[in-house]
Amino acid sequence: MLGRTAYGIGGIALASLLQQQGLLANPALAGGAPQHFDLTPKPAHGFGQAKAMISMFMQGGPSHIDMFEPKPELAKLDGKDFPGEIKYDDAAGASREVMGPQWKFKPRGESGIEMSDLIPYMGSIADEMTLIRSMHTGVNNHGQSIYALLNGQIVGGRPTLGSWITYGLGSDNQDLPAYVALTDPRGLPVLGVDNFSNGWLPSVYQGTVVRSKEPRILNLDPPLSLKGEAQSRYLKFVQGLNREHADARPGESDLEARIQSFELAARMQTAAKEALDISQESEATKKLYGLDKPATEEFGKRCLIARRMVERGVRFVSIFTGNQTWDHHSNILTSLPKACAQVDQPAAALVLDLKQRGLLDSTVVHWGGEMGRLPVIQNRAGAKDRVTVGRDHNTYGFSMWVAGGGFKAGYAHGATDEFGHHAVDKVVNHYDYHATLLHLFGLDPKKLTYKRNGTEQVLVENPSARVVSELLA
């Protein structure tokens, strides 16, 4: 077979000899010099007020009906049959019995944005936030909606928002990761590491996990035998070997990313330890984040670390809650208040702390999940009371909030219908949200491209995507 093809034994031998003598054409160089990918700062396409982003992702689906959007008409229907069509995700546990908002709403701040008693601390920063009440993905399960909000499509294998932004802008601190993921001690959210994946972008743009417990980054301290000058000489020698190896393999982006990770790890021995050391913070700051309370201590520490990261030039920080923390198909009357109590104070503290340090104008803060909940009871199972009931998924209309970075302050945008089911006024699709974020970072969604298999890939693919100018300051 070999003898009858162009790849006969003689041809293989010739190719081997040509390569050894450096005379074989390098396919990676055929169209010009191979691209080099790193995290050095890069110019934006235009003016962008935002320089960094902290995303608090509430995986599972916080109930917008009970937290962010008052529905007086729904309250009047409480206990009655739902008067229209409704899209269930879990038909087996479904019912048509309306469950109105279970907590009282009242106006907050000078803006008068109504929020429920479940989230008094978030209510206290109403004048700093844009509350989007008309979010929509329309793909009614966790995985697809998470993908839509994080990578722009309903499938995996694509770069997440943090990867795209660090790809476009690099990082202002070469001694810390550009993109950091702060995971929950209860475990990774649905989809695991896909939540901070670089997809098919070069590996240097993937999210770096900072552990949920001490030591938050393993192996930062070298062994005693290598400390000081010995380690410096050793690292310099290894770096030379790595670079020689890489120079012989141009265009290998995974190899480049690995070498850059090794070099970053060495620099992080000092920088990361300092950035993660919250003992340097004042007692007043620790109290602001709720570090003095068992319910808020853990999430508060991660919010404080996120602020310290951004303060030191990290571009993107994701803070995740645990798997299904907000997925209240049952026991919503007890589980939802518990989930709110863990994050309400720290989330508000993060905004206040950034503002008092002069960082809020240049830092986008995001709080929200991949969906909301339906206005009807789920999992009643014949019981007369509502002790065990919950709400099913709703991706057709839900709420989330953003603050800083060029977003309008003290503003509530859009609405769902009178039942809280479908976004009907000033709808913001996931691709509109992404286009708006990129705009605030000075990145043009059409120019932020990566060539893959001969095709220009982008974060925002939907041609109807728009920058939602009403959200901007």
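**Exercise 1.** What volume does the largest pocket have?

*Solution.* The model is predicted, so local features need pLDDT of at least 70 and side-chain atom pairs count only at pLDDT 80 or more, while totals for chains, interfaces and linings use all residues. Residues are numbered from 1 along each chain as its sequence is written, and side-chain values use heavy atoms, with hydrogens and water left out.

Step 1. A pocket is an open set of points on a 1 Å grid over the protein atoms alone, where a 1.4 Å probe fits and protein lies on both sides within 12 Å along at least five of seven lines; lining residues have an atom within 4 Å of a point. Its volume is the space filled by probe spheres set on the points, which are joined across faces, edges and corners.

Step 2. For the largest pocket, the volume is about 1,100 Å³.

Step 3. The lining has 46 residues, and Ser 261, Phe 262, Leu 264, Ala 265 and Ala 266 are the closest to the pocket centre.

**Exercise 2.** Find which element gives the most to the lining of the largest pocket.

*Solution.* Step 1. Elements are DSSP runs numbered from the N terminus: helices (H or I, at least four residues) and strands (E, at least two).

Step 2. Two or more lining residues come from each of S7, helix H7 (229-247) and helix H8 (253-275).

Step 3. H8 gives the most, with 11 residues.

**Exercise 3.** Classify the ring pairs of Tyr 167 with Tyr 205 and with Tyr 450.

*Solution.* Step 1. Rings of Phe, Tyr and Trp (its six-membered ring) pair if their centres lie within 6.5 Å; planes under 30 degrees apart count as stacked, over 60 as edge-to-face and the rest as tilted. The structure holds 12 aromatic pairs.

Step 2. Tyr 167 and Tyr 205 have ring centres 5.4 Å apart and planes at 80°, so this pair is edge-to-face. Tyr 167 is in helix H6 (residues 161-169) and Tyr 205 in the loop between strands S6 (179-182) and S7 (208-210), 38 residues apart.

Step 3. For Tyr 167 and Tyr 450 the centres are 5.9 Å apart and the planes at 85°, so this pair is edge-to-face. Tyr 450 is in strand S18 (residues 450-452), 283 residues from Tyr 167.

**Exercise 4.** Is Gln 457 buried or exposed?

*Solution.* Step 1. Buried means under 20% relative accessible area, exposed over 50%, partly exposed in between (1.4 Å probe, protein chains only).

Step 2. Gln 457 counts as buried because its relative accessibility is 13%.

Step 3. Beyond its neighbours within four places in sequence, Gln 457 has contacts (heavy atoms within 4.5 Å) that include Trp 164, Trp 200 and Tyr 450.
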